[in-house]
Amino acid sequence: MYITGHGADTTTWSKARPVCMSLAVLTCQHCQMTTALSGNNLQLPGSKTDVLKAWAFLENPTQVMQPDCFGMVSFEDTLAIRFSGPAALVIVGALLFLASIVVSKATHRGRMDFNTLFNAVFSLVFTLFPAIVAVSLVTFKCHTNPNGKDTLVADEGILCSGDPWTGMAVGAVFASVIYVGGFGAVMTWAIIKAPKHYSRAEFRARWKFLFLKYSEECWWWSLPFLAKIVLMNMGQCFFEQGVSQVLWVCLVASVYQISVAIFNPWRHQFLSWFDIGMNTIFILFCTEVLWLSENYSSDNADSDLARNIATAGTVVNLLLLPIAVGIAAWLMYDEHKNSLMPRLEDGAKFYNLVQTVSKATEQELVDFFKDLSALDLANIRSTMQVVNAEFLGQLSKKCCTSRSISRTSTTAVKEAALSDCKVEVDASVKASDAVLASV
């Protein structure tokens with residue numbers, strides 16, 4: 001990740017490899033959300049519970065380590081390892097940087113770039129954030145047993161009161177404040193500062209993991225992306241009934257899905273479509289889980305209808321994996337096959353279109369705009385915003401653009417020539433705005 005994390009040039013962030021990395025993050029998050037459903041207070045067939053826990057290692061990486069082999073058999077020991085995981089990741093990154101300083105002084109070679117290493121470490125934290133939230137809140141996920149006592153969902157042998165739950169709850173509070181609250185606060189600070197400091201290459205290199213995946217208009221989308229994860233996990237703490245927990249998850253996923261459709265936040269259109277499809281499949285999967293829980297009993301657990309519904313839901317849920325691989329393969333092939341010619345041809349067509357429109361009279365433009373649909377007007381405004389931001393460097397809703405960044409390295413002569421051109425284009429833009437206002 002350190003080797004591939006180099007580069008603050010935003011013009012490369014829309015290429016196939018960053019898009020494929022975003023696909024991997026989305027697919028990983030979907031598997032983590034599916035696994036989180038196994039923590040709801042629902043009675044499901046054993047086969048379905050096994051399916052929900054198939055990706056449990058993404059939510060609980062300690063399963064890969066097999067802590068039983070190290071003599072850590074209790075839930076408290078495993079939880080302690082999970083609590084220390086994010087801190088250990090940051091400490092390893094810091095030690096690597098210090099070691100690179102020592103090696104560079106001994107060999108007189110360059111040390112590791114701090115900004116690139118920072119981006120690599122926190123890219124992992126960003127990807128594993130669902131697992132971090134899950135472990136921070138696992139101590140507060142309890143349910144009532146038939147004997148009237150509350151026990152942990154993750155370990156039925158631990159009562160949600162007294163020892164050892166109190167000690168684990170203290171650790172969970174610290175983990176929630178430091179990992180969830182602290183990481184969220186740092187990300188919020190970086191996103192707020194981005195419009196002012198985005199033109200600096202070191203800032204983009206350090207916080208690349210926050211802005212790489214999203215368009216300039218929605219540079220802040222990391223916050224709602226991770227807020228969805230936090231809200232989904234908090235539902236298991238606030239609601240005790242399993243049905244209420246799943247309905248809450250569906251509500252959060254639906255609001256997020258509608259937001260993606262409205263803001264179209266991803267840097268590549270395929271990612272927005274994939275994100276919407278992923279949430280649609282997840283909501284359908286939640287509906288299937290609810291049906292199975294409401295109709296499950298020991299008598300009909302192995303009925304044909306229950307098996308067919310469980311199998312269909314599992315197959316549809318797993319379809320995301322080959323779809324993601326297929327999209328990634330197509331993007332890599334399309335980038336390898338295509339050259340600059342298609343873009344140049346589109347540019348020539350756009351230039352000819354602008355020349356034609358510029359020769360129209362004001363009345364012709366008024367007649368044209370007044371008959372347009374609301375969708376067509378929205379598309380025209382979107383095009384004007386792209387031209388203003390990317391070609392003229394006039395930032396409105398955008399954090400920053402690749403053109404405005406590259407402009408900082410141009411000469412004063414080019415800047416003066418561009419400013420003269422902007423005066424003429426600004427007059428045309430104001431005229432078009434006046435036409436829109438009259439309509």
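This is a predicted model: local features need pLDDT of at least 70, side-chain atom pairs count only at pLDDT 80 or more; totals for chains, interfaces and linings use all residues.
1. Trp221 is buried, its relative accessible area being 1%, where buried means under 20% relative accessible area, exposed over 50% and partly exposed in between, computed with a 1.4 Å probe on protein chains only. Residues are numbered from 1 along each chain as its sequence is written, and side-chain values use heavy atoms, with hydrogens and water left out.

2. A search of the whole structure gives 22 aromatic pairs, a pair being two rings of Phe, Tyr or Trp (its six-membered ring) with centres within 6.5 Å, called stacked if the planes are under 30 degrees apart, edge-to-face if over 60 and tilted for the rest. One of these is formed by Trp221 and Phe263, whose ring centres are 5.9 Å apart and whose planes stand at 50°, so the pair is tilted. Because Trp221 lies in the loop between helix H10 (208-211) and H11, and Phe263 in helix H12, the pair ties together parts that are 42 residues apart in sequence. Helices here are DSSP runs of H or I with at least four residues, and strands are runs of E with at least two, numbered from the N terminus.

3. Phe368 and Phe369 also form an aromatic pair, in this case edge-to-face, with 5.3 Å from centre to centre and 80° between the planes. Phe368 is partly exposed at 44% relative accessible area, whereas Phe369 is buried at 9%.

4. The charged end of Lys213 sits over the ring of Phe126, 4.4 Å from the ring centre, and that of Lys228 sits over the ring of Tyr256 at 4.1 Å from its centre. The criterion is that NZ of Lys or CZ of Arg is within 6 Å of the ring centre and within 35 degrees of the ring normal.

5. Lys228 is also among the buried residues of H11, a list that includes Phe225, Leu226, Ile229, Val230, Met232 and Asn233. Helix H11 (residues 222-238) has 17 residues and reaches 24 Å from its first C-alpha to its last, close to the expected 24 Å, a span defined as 1.5 Å times one less than the number of residues.

6. H11 also takes part in the lining of the largest cavity, to which H11 and helix H1 (16-36) each supply at least two residues; the largest share, four residues, comes from H11. The lining has twelve residues in total, and Gln32, Met33, Ala36, Met232 and Asn233 lie nearest the centre of this cavity. The cavity holds about 120 Å³ of space, and the count comes to two cavities of 30 Å³ or more. A cavity is a set of points, on a 1 Å grid over the protein atoms alone, where a 1.4 Å probe fits but cannot get out, and lining residues have an atom within 4 Å of a point. Points are joined across faces, edges and corners, and the volume is the space filled by probe spheres set on them.

7. The structure holds one disulfide, which joins Cys142 to Cys160 with an S to S distance of 2.0 Å, against a cut-off of 2.5 Å between cysteine sulfur atoms. The torsion about this S-S bond is about -105°, so the disulfide is left-handed. Distant parts of the chain are linked by the pair, since Cys142 is in strand E1 (residues 142-144) and Cys160 is in the loop between strand E2 (150-152) and helix H8 (165-197), 18 residues apart. Cys142 is buried at 17% relative accessibility, and Cys160 is buried at 15%. Cys286 is in no disulfide, and the nearest cysteine sulfur, that of Cys250, is 4.0 Å away; Cys286 is buried, with a relative accessible area of 0%.

8. Most residues other than glycine have a negative phi. Asn264 lies in the loop between helix H12 (242-263) and helix H13 (269-294), and is partly exposed at 31% relative accessibility.

9. Phe75, in helix H5 (residues 75-107), is buried at 15% relative accessibility. Phe75 and Ala154 are 79 residues apart in sequence, but 8.6 Å apart in space from C-alpha to C-alpha.

Technical notes. On a 1 Å grid over the protein atoms alone, a cavity is a set of points where a 1.4 Å probe fits but cannot get out, and a pocket is an open set with protein on both sides within 12 Å along at least five of seven lines; lining residues have an atom within 4 Å of a point.
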